[in-house]
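Biologist: I have a sequence and a model on my screen, and I would like to learn how to read the model feature by feature. Could you take me through it slowly?

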Amino acid sequence: MNAHATPVPATASRSQPLSGSIKVPGDKSISHRSFMFGGLAAGETRITGLLEGEDVLRTGEAMKAMGARIEKQGGEWIIQGVGNGCLLEPVAPLDFGNAGTGSRLTMGLVGTYDMKTTFIGDASLSKRPMGRVLDPLREMGVQVLEAAQGDRMPLTLRGPKRATPISYRVPMASAQVKSAVLLAALNTPGVTTVIEPIMTRDHTEKMLAGFGATLEVETDAQGVRHIRIEGEPRLTGQTIAVPGDPSSAAFPMVAALLVPGSDVIIEGALMNPTRTGLIDTLLEMGANIEILNRRNAGGEDMADLRVRHSELKGVTVPPARAPFMIDEYPVLAVAAAFAEGETVMDGLEELRVKESDRLAAVARGLEANGVDCTEGETSLTVRGRPGGSGIGGGTVETHLDHRIAMSFLVMGLAAEKPITVDDRSMVATSFPEFFDLMTGLGAEIA
Ligand code: S3P
């Protein structure tokens, strides 16, 4: 796998109208979970539409290192899982590269095993906080034998002989933390409860139920979710068709809105309500997005999206929507840079601990390209320049963050002057087809 030793810059320039129909790659969250749950469950799992990004492939490698058999036949991934409770001790450290989801969910998955597992990652992942996952695992009896300062990777876990079920209230809006505890519960006797005051993406709950886990979700009068999962279930292999990633669809979507004359169709995007906050926000800004051919496949809502160039206006984004569009703020900020008036985004504390400090990275990128913005501790306010006049001409530091790279390349497509990002390599972690799909629509990216 590419170690991304040498940064590779890319430049996007004002483009002719974007047009055409594209299918974005499979959803990253569902792809990670497909490899993990397929590798764990007894028998065969078959996956189509899997995202073959570097992050997901590393999760596949980790599952292989713990006993799963994974191979690709034609367009399908076929997994022979080990059976719940039967993962093997990996002989070498598990290298998750840039992937927060892969590493944090796997810590939950293997933490309660009576074995030693070491987790390593790239410079970005090694800076990210892992205490949020280690804290509940410690309560379940997991020992953190070694960790870098502040509970960071590289780190080594050692599970107990028998883990203890807990009731855990997730202290931040994080699907990764919720999921890590639910996965730890799979190898723990008794009932584990995860209390989720703010709902986040629910792929773990839905998919575990599909693989045969007994899981009950109750939402109380305050809107707090109580997820109870029975330990040590029998999980059996499934057939999964991974829907298109709405977080990847966001880039061609915003590009089509910003480049005058554009008319683009994005096929097969996941429309799970915990993932559609960006579409809601763009519609409020006046975006011309038609949601076509709504359907349900494998328990998930999907649709095709027709997106046409639109004059956008600034809005105040409700902070309560943040968990449903958390990965989309960088590209929303780009849309806001072309909108009339001010766009106010608040409740963004989690953006500080993504692949980069995304709040700061976005603010610096906007400033470098002539867009006026104010960065607060948990907020960002962007003052737009309709038509893109005066926007561009700068170089953006991506800090090993794929979404920063793609967001500012989208910005360059409608800006007055070209925009350069210092490194395009990380795009391959989540959206390897980005450059081909975008240039196929008519985007000028070199
Ligand atoms: C993810 C959860 C989110 C999101 C990430 C994928 C998941 O992270 O940003 O890209 O698949 O569970 P947090 O749980 O840290 O919010």
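Modeller: Let us begin with strand pairing, where two strands count as paired if DSSP finds at least two bridges between them. Please keep in mind throughout that this is a predicted model.

Biologist: With that rule in hand, how many bridges join strand β3 to strand β5, and in which direction do the two run?

Modeller: Strand β3, residues 43-48, and strand β5, residues 76-81, run antiparallel and are joined by six bridges.

Biologist: Which strand runs parallel to β3?

Modeller: That is strand β14, residues 239-241, which is joined to β3 by three bridges; the residue in β14 that partners I47 is I240. As a general point for any such strand, the side chains of a regular strand alternate between the two faces of the sheet.

Biologist: Now for whole sheets: in what order do the strands β6, β7, β8 and β9 lie?

Modeller: They form an open sheet of four strands in the order β6-β7-β9-β8, with mixed pairing. Its edge strands, each of which pairs on one side only, are β6 at 94-95 and β8 at 143-148. Strand β8 runs antiparallel to strand β9, residues 152-158, and five bridges join them; within that pair, A148 stands opposite R152 of β9.

Biologist: And what is the order of β18, β19, β20 and β21?

Modeller: Here too four strands make an open sheet with mixed pairing, and the order is β18-β19-β21-β20. The strands at the edges are β18 (316-317) and β20 (372-375), each pairing on one side only. Two bridges join β18 to strand β19, residues 342-345, and these strands run parallel, with M345 in β19 as the bridge partner of V317. Helix α10, residues 358-368, packs on this sheet, touching β20 and β21 (380-383), and its direction makes about 160 degrees with that of β20.

Biologist: How should I describe two helices that pack together, and what are the values for α5 and α6?

Modeller: In general, two packed helices are described by the angle between their axes and the distance between the axes. For helix α5, residues 175-185, and helix α6, residues 203-211, the axes come within 9 Å and cross at roughly 25 degrees. This makes α5 roughly parallel to α6, because angles under 35 degrees count as roughly parallel. In this contact, K178, S179, L182 and L183 of α5 meet T204, E205 and L208 of α6, and by class the contact has three nonpolar, two polar and two charged residues.

Biologist: Which residues of α6 are buried?

Modeller: The buried residues of α6 are H203, T204, E205, M207, L208 and F211. After the helix comes G212, whose phi is positive, near 110 degrees.

Biologist: What does helix α8 pack against through its buried residues?

Modeller: In helix α8, residues 277-284, the buried residues include G277, L278, I279, T281 and L282, and the buried residues of this helix pack against α7 (246-258), β16 (288-297), β17, β18 and α9 (329-337). Just after α8, G286 takes a positive phi of about 100 degrees.

Biologist: How many residues has the largest nonpolar core?

Modeller: The largest nonpolar core has 78 residues, and those with the most contacts inside it are L282, Y329, L366, L380, V382, M411 and F434. Leaving out residues up to four places away in sequence, L366 touches A333, A337, V371, C373, V382, F408 and M411. Apart from that core lies another, of 59 residues, among them L94, V177, M207 and A213.

Biologist: Finally, how exposed does R306 count as being?

Modeller: R306, which lies in strand β17, residues 300-308, has 26% relative accessibility and so counts as partly exposed. Setting aside neighbours within four places in sequence, R306 is in contact with D263, V264, I265, N288, I289, E290 and L292. The C-alpha atoms of R306 and M253 are separated by 8.7 Å, although the two residues are 53 residues apart along the chain.

Key:
Residues are numbered from 1 along each chain as its sequence is written. This is a predicted model: local features need pLDDT of at least 70, side-chain atom pairs count only at pLDDT 80 or more; totals for chains, interfaces and linings use all residues. Side-chain values use heavy atoms; hydrogens and water are left out. Contact means heavy atoms within 4.5 Å. Axes are lines fitted to C-alpha atoms, for helices over the stretch in contact, and angles run from 0 to 180 degrees between N-to-C directions. Angles under 35 degrees count as roughly parallel, over 145 as roughly antiparallel, 65 to 115 as roughly perpendicular and the rest as oblique. Ala, Val, Leu, Ile, Met, Phe, Trp, Tyr, Cys and Pro count as nonpolar, Asp, Glu, Lys and Arg as charged, and the others, Gly among them, as polar. A nonpolar core is a set of buried Ala, Val, Leu, Ile, Met, Phe, Trp, Tyr and Cys residues joined through side-chain atoms within 4.5 Å. Buried means under 20% relative accessible area, exposed over 50%, partly exposed in between (1.4 Å probe, protein chains only).
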